[in-house]
Amino acid sequence: MLTPDETRLLSFIDDDQLIRWVQELTRINSVWRPELGLGEEQAARWVEARCRELGLETRFEVVVPGRPNVVAVQRGTGAEKVLLFEGHTDVVTEGDPALWRDPPFSAVIRDGRIYGRGANDMKAGLVCALAALAAVVRSGLRLSGDLMLAALCDEEGSMLGVKHLVDSGQADGVSAAIICEPEENHICLAQKGVMWVRAAIHGVMAHGAMPLTGVNPVQPMARFLAAMHDLEAQEIARFGQYEFLGQPSITPTIVLAPARGAGEPQNNVTPGSAETVLDFRITPDQDPAALAFQTRQLLNAAVAVDPRLSAELEVLEIRPPTSTDRAEPVVAALASAFTDLTGAEPTYGGVPGTTDGTILHERKGIPIVTCGPGDIHIPHHVDEWVSLDEIRQAARLYALAAARYLEVTPVAPARGQLASQGVTPAPSARGQSASQGDNV
Ligand SMILES: [Zn+2]
């Protein structure tokens, strides 16, 4: 059941503007391609401009040259809670434009969909969060806690944007986050983690016609990879299927001999070195440190057959898996919002990859839930698209969930600050926010 305040809040979702905003933001090419002067800056400026128009406290912050974050806040009336809507402004490469039916950044609408690189992942989700904030501001409803939007750079790479947000203290105090990634508006409670490990084996380079004069690192590398395949099978047998995430995996994504930086491969040369990169996808029951330890032992065993062999192992990155309880207030707020908007039970799910939410959860312990418009299988594809219906639904879902999580403060007409309910107090709310200054 919607309260009168909630009905009023939802009436401030402007569908025409919502769809136009998704088109506008999708048309801004924000592939990170610094050699062409491309990056997130223009998209971030667009988000910043919308936030300033709404009178939000808005911060535009350069993380690395050409790669800014935008963080905006609508202050609440004093409660401790802070709800963060998180999205990224970067998009992956469009690849060969000739493979696209329409120009990749045209954002054309056809058959109830917006087509374009980044429309799905995740300009639409970001705009829906912005529209939810706009509805809160325009409705004049005062929420008890703070409502925050973070439009971050470099999610598709090293996640520099969210790491900066955390390192600079801007995520301190955030009590829950909704990650607006494309999940068909499913409520995703778990995310697989990832660990990238580089393993190298060093032998002795030799003439291919006289192999006994050297030590080939390729056979021990093959033994190591076979052992890792066995380890994967053991992990699957031990941990099985995790709810919403399925089974863990260990995938060799790179195998090279000679190793990177150790010269060119040649038909008649026994390489002096070999390297592999292993991509571990981790479910919440697994322990990345224990896996790294086992991997090191298997690597050492593979080279133990000859004292002239040596090995090195480097953990390149660990992004742990995450899992959020259904009882978390942010999950409950989204779920009840979904039910009251649609009359149906929400679909719960999981995310096979990592998101910026992984960093928020890992470094700050913030409960995260991933939920946003867009077909789950479409990100990074040619002819990427997002459904208009899902966009309209997500904007309402976000606005309602924000009101329920942060709670609506009953409007008291004290000191002439705000008009009574029913009158549109948006201008005074805007004026008040703007008078607090432009920086968070
Ligand atoms: Zn994304």
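N185 lies in the loop between β8 and β9. Strands here are DSSP runs of E with at least two residues, and helices are runs of H or I with at least four, both numbered from the N terminus.

This is a predicted model: local features need pLDDT of at least 70, side-chain atom pairs count only at pLDDT 80 or more, and totals for chains, interfaces and linings use all residues. Residues are numbered from 1 along each chain as its sequence is written, and side-chain values use heavy atoms, with hydrogens and water left out.

E184 sits in the loop between β8 (176-179) and β9 (187-191). E184 also has a positive phi, near 55 degrees, and is not a glycine.

Most residues other than glycine have a negative phi, and most peptide bonds are trans.

| Cis peptide bond | Omega |
|---|---|
| D121 to M122 | near -5 degrees |
| A257 to P258 | about 0 degrees |

Where do the second residues of these bonds lie? M122 is in helix α4 (residues 119-139). P258 is found in the loop between β12 (249-256) and β13 (269-270).
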